[in-house]
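Me: I have a structure to get through today. Can you walk me through it in short steps?

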Amino acid sequence: MSRMRRVLLRREAPTLLALVVVVLVFAVLDSMYLSPDNLIDIVEQATINGLLALGITFVIITGGIDLSVGSTMAIVIVVVGQLTTEGGLLPFPAVLAGVGLGLVMGAVNGGLVTRFGLQPFIATLATMSVFRGIAYIVTGGWPVLNVPESFRRFMDGDIFGVVPIAIVILLVAALLAHLVLTKTRTGVYIFAIGGNAEATRLSGVNVSKNKMIAYMLCGVGAALAGMVLLARLGTGEPTAGQGHELNAIAAAALGGTSLAGGKGSIVGTLLGAVLLSALRVGLVVQGVDAFWQFIATGAIIAFAAYFEIVRDRLNVRR
Amino acid sequence: MGDALRLQSISKSFGSTLALRDVDITVQAGTLHSLIGENGAGKSTLLNIVHGLYADYDGQVELFGVPVHFKTPFDAIRAGISKVHQEIQIVPELTVGHNIALGSEGEHTAHGLLNRTALYGKTDEILERLRCTFRSSAKASGLTVGQIQMVAIAKSLYRESKIISLDEPTASLSDRETQILFGVIQTLLESGMTIIYVSHRLDEVMALSDRISILRDGVVMGTWRRGELERSVMIEKMVGRELEAVFERRPAADGEHGSVALSVKGLSSESFDDIDFDVRKGEILGFAGLVGSGRTEVVETVFGVRHRAAGEIAVNGTPVSIKSPADAMEHGIALIPEDRKRAGFVQNLDNKMNMFLPLFRKRRSYLVRDKVIRANYSRYRQLLRINPDDPDYLTAELSGGNQQKVIVAKWLGTDADILILDEPTKGIDIGAKSEMYALIRSLARGGKAIVVVSSELPELLALSHRILVMHEGRKTVELINDDLDEQTVLHYAMGGLS
């Protein structure tokens, strides 16, 4: 097999191709699109969705789904918001508290799926509603205002005034996620569970425990995304994160993660998140009506999915 | 009678691999024509062409004298040729009648509404012809494997097929269900049906076939009439070499066995009762019984897959508590399960990873070390000769016999002293089978305690030192395999008293 063919057959290939096409098209339409500021902007816009999508990739590879990530974000946003304002907590402990919250909510999802045997779609549909309700109750429906500057700089400032911290957080989280998925026992187990949970269990693997880990990591991703959003906006709305779960699933699916489980990669998910962001920024730069952005996003998801089918067919004929 | 199906110089390639080369086979109407050959010989490819799954091939297909070229499976069904799948698929939520008619309800539909009475009338009539005891209104989910197969045959009758192919139809059937199937086959032949039959079981091929075509490496080695072929010649043509006598009997007393490795007392669950047995080091204990007698359930309970209601399990004389496969592995037990696809290996992992999957837990390191995983693969390379011998190959893409080798390697890697093999040669060809037997024997000689569950009596008689016979969840007898014959074992398996 030639090197070119090998690259084309990689899982991430369709995403990368779509990204290149999108960037080229917008660059031709407006050369400013390729300016460093704009490119950084694209990645920065991808951070929140990217962090959510990283976590959800683990869950999807096990063959599950997590619809509650948007609501998890909201809880983290209002609680961390209150801790840093009324609670007067410093940024670092506040972030730790937020991550802890994400772990807890991930564990609730994981528990419903493994301990009570609920289908992941139903379990997280339920918690999507419950978590949202909790976020409203925490603040009585009001937003948390005036998040301190220190927290905002901690999660969404710039290093040396150039490198956005949110991008650093995304890349570090992605690197860790990638290492867990490809270089550790847990990663192998997560793929194996998605491929064939029964055969995995019969190999002496604690399937419940490893599914639980996936949901908890997903909760951490949502918590980080929530805190970046909180820092970016400076206010904590209990309505935040609505619809974000679908964007995150879209990024993972665009990146070649199979919703049937057993297949996927962090690199792909990252590319998927950047692709969605590149598309959105490009359309905004072109002054395209916001309504059309929905159509463009949907079209590109369908395109990538179709490309994947074609690629799999080529693979079979190898 | 004329020719039902005529294949002329059919060739088919996948990329650079030639799967079929100039295949000429003529199937006469109203006869049973068997296709035999090792896994990978091209039988499935040939069937897929005949049934319209592969539209892209060279050569000509004639159906009752008319040239045809099917583009889709539906084309083939409309032309009157249908397939009873190797792994039969039904929709469990639908009734038997709806399963039979699925996709062809047209004639019982008026103005978009389905006339269920008329449909069941027709499907019931077909079930009666097949001498089935269940009726169209029954839920498909309650059927046994044998009954599901009857539904699949009924489906082809409903579509008024003139030719049907049966691919390994007896692989999952009990002896009794097999006899019923053979009866139905006779009835179908008498009514003028043409049958293409694919099976690894040479005895039934010899008993049923009017003609036999042998395939090897995509080439037809020849076609013979009933009675023209001796079993040994048949094997030689299939494999291309003479095999050491596969079913050669090993006397029970081939040396003393070691101490008791696994001892089970009074084991009970919801599907079996009060099972006792011991296996010694170096000994092979066979589990015989009809399908549904509880053999698989017993070994799965020993391995911690199923819940144990009562009874004790001891390993090397020490009582152990086994609540999960992980517990069983901790005590040196390995189970090579009956259903390879469902329980044996993980479809999205390659050979080296599937082999390493049970080994991660024993390692202190949390990291995946490629070198270690490859070294583990190489450990059994000589012994097993997996084809293709490639650690990066997806196990799911191997033939059944090679998948089984990967699964055996996976469990040998755990250094288990007690190996339980449930239907170790199910659906694998005679060459791979003989290798598997040699392997099991050499493992026993090496001191492992081995339990073999099998529906094939010749297999149990060839391998076992002792045979435990089960009937309806109970142990009927334990026999020493010393000049045992199939009739004796079968007598106890049917519930006969000792």
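Me: Which strands does helix H5 of chain B lie across?
Reply: This is a predicted model, to start with. Helix H5 (residues 145-158) of chain B lies across S6 and strand S9 (163-167) of chain B. H5(B) runs at about 175° to S6(B).

Me: And which strands does helix H8 of chain B touch?
Reply: Helix H8 (residues 231-239) packs on the sheet and touches strand S3 (32-36), S11 and S12 of chain B. The direction of H8(B) makes about 35° with that of S11(B).

Me: What is the strand order in that open sheet?
Reply: The order is S6-S9-S10-S3-S11-S12 in chain B. That is six strands, with mixed pairing.

Me: Which are the edge strands?
Reply: Strand S6 (81-84) and strand S12 (219-225) of chain B. Each pairs on one side only. Neighbouring strands of this sheet are turned by 20° against each other on average, direction ignored.

Me: How many bridges are there between S11 and S12 of chain B?
Reply: Six, and the pairing is antiparallel. Strand S11 covers residues 211-216. Ile212(B) stands opposite Trp224(B) in S12(B).

Me: What holds paired strands together in general?
Reply: Strands of a sheet pair through backbone hydrogen bonds, either parallel or antiparallel.

Me: Back to helices. At what angle do H4 and H5 of chain B pack?
Reply: At about 120°, with their axes 10 Å apart. H4(B) passes H5(B) in a right-handed crossing.

Me: Which residues make the contact?
Reply: H4(B) gives Thr123(B), Ile126(B) and Leu127(B). H5(B) gives Ala154(B), Leu157(B) and Tyr158(B). By class, the contact of H4(B) with H5(B) has five nonpolar, one polar and no charged residues.

Me: New topic. Which strands does S13 of chain B pair with?
Reply: Strand S13 (residues 260-268) runs antiparallel to strand S14 (residues 275-280), joined by five bridges. S13(B) also pairs with strand S16 (residues 310-315) of chain B, in the antiparallel sense over five bridges.

Me: Which residue is the bridge partner of Ser263(B) in S14(B)?
Reply: Asp278(B). In the other pairing, Ser268(B) stands opposite Ala310(B) in S16(B).

Me: Which residue takes a positive phi in the hairpin of S13(B) and S14(B)?
Reply: Asp274(B), near 50°. That hairpin has six residues between the strands.

Me: Last one. How many residues of chain A are in contact with chain B?
Reply: 20 residues of chain A, with 24 residues of chain B. Helix H9 (residues 185-202) of chain A gives the most to the chain A side, with eleven residues. That side divides into five nonpolar, eight polar and seven charged residues.

Note on methods
Residues numbered from 1 in each chain as written. Chains lettered and ligands numbered in written order. Predicted model: local features only at pLDDT ≥ 70, side-chain atom pairs only at ≥ 80, totals over all residues. Pairing = 2+ DSSP bridges. Helix = DSSP H or I, 4+ residues; strand = E, 2+ residues; numbered from the N terminus. Axes fitted to C-alpha atoms, helices over the stretch in contact; angles between N-to-C directions. Contact = placed C-beta atoms within 7 Å. Nonpolar A, V, L, I, M, F, W, Y, C, P; charged D, E, K, R; others polar. Left-handed = near helix turned anticlockwise from the far one by under 90°.
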